[in-house]
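I opened this entry to log what I looked up, item by item. Cut-offs are noted where each term comes in.

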Amino acid sequence: MRRAPHILTVFAAVAALTGCAQPVLDKYMGRSIVDPMLDFGKPDEVFDLAEGQRAFQWQVEKYGIRPSPRPVIGVGIGVGGGGWGNVTTVGTSYEPFITSCRYTLIGTPRGEDWIVTGQRKPAPGCQ
């Protein structure tokens, strides 16, 4: 029965750590909209919202390769200790992929500048 408190402590620690994971845009909160522009470039979309706010959106594409779900199978003839025979090989192929992510920051005017006061959560896989 002494294990139960330890297990509960582990679950509580895991829950606390996963709750602390910050979205990629959190570092811009309270800062000038110029800061994310320096990192991502000019926004792809900018439009006005209610109450004088403005939305700034960036479309970011991530490129990469991943293992293909289909194995590569090779068939041939080979020579072994028992003479000639059929040989089958199985390998992994890779395929390119593109993930398109839209990041949105909400700005509130302050003088001539816009200050980041909110954000939209990006789609899963875009964190």
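How many disulfides does a search of the whole structure find? I found one, taking a disulfide as a pair of cysteine sulfur atoms within 2.5 Å. The model is predicted, so I noted the limits: local features need pLDDT of at least 70, side-chain atom pairs count only at pLDDT 80 or more, and totals for chains, interfaces and linings use all residues. Residues are numbered from 1 along each chain as its sequence is written, and side-chain values use heavy atoms, with hydrogens and water left out.

**Entry: the disulfide**

I looked up the partners. C101 is joined to C126, with S to S at 2.0 Å. The link of C101 and C126 is left-handed, with -80 degrees about the S-S bond. C101 lies in strand β5 (residues 94–110) and C126 in the segment after β6 (113–120), so the pair ties together parts that are 25 residues apart in sequence. Next I asked: are C101 and C126 buried or exposed? C101 counts as buried, at 0% relative accessibility. C126 counts as buried too, at 2%. Buried means under 20% relative accessible area, exposed over 50%, and partly exposed in between (1.4 Å probe, protein chains only).

**Entry: the chain**

I then read off the elements. The protein chain has two helices and six strands. From the N terminus on, they run α-α-β-β-β-β-β-β. Helices (H or I, at least four residues) and strands (E, at least two) are DSSP runs, numbered from the N terminus. Of the 127 residues of the protein chain, 19% count as buried.

**Entry: the sheet**

Which strands form the open sheet, and in what order? I get four, in the order β1-β2-β5-β6, with antiparallel pairing. Strands pair if DSSP finds at least two bridges between them. β1 (45–48) and β6 stand at the edges with a single partner strand each, so one side of each is left without a neighbour in the sheet. The twist averages 35 degrees from one strand to the next. For that angle, axes are lines fitted to C-alpha atoms, for helices over the stretch in contact, and angles run from 0 to 180 degrees between N-to-C directions. I also checked β1 against strand β2 (residues 54–67): four bridges join them, and they run antiparallel. D48 stands opposite R54 in β2.

**Entry: V90**

Last, I looked at V90, which is in strand β4 (residues 83–91). V90 is exposed, with a relative accessible area of 63%.
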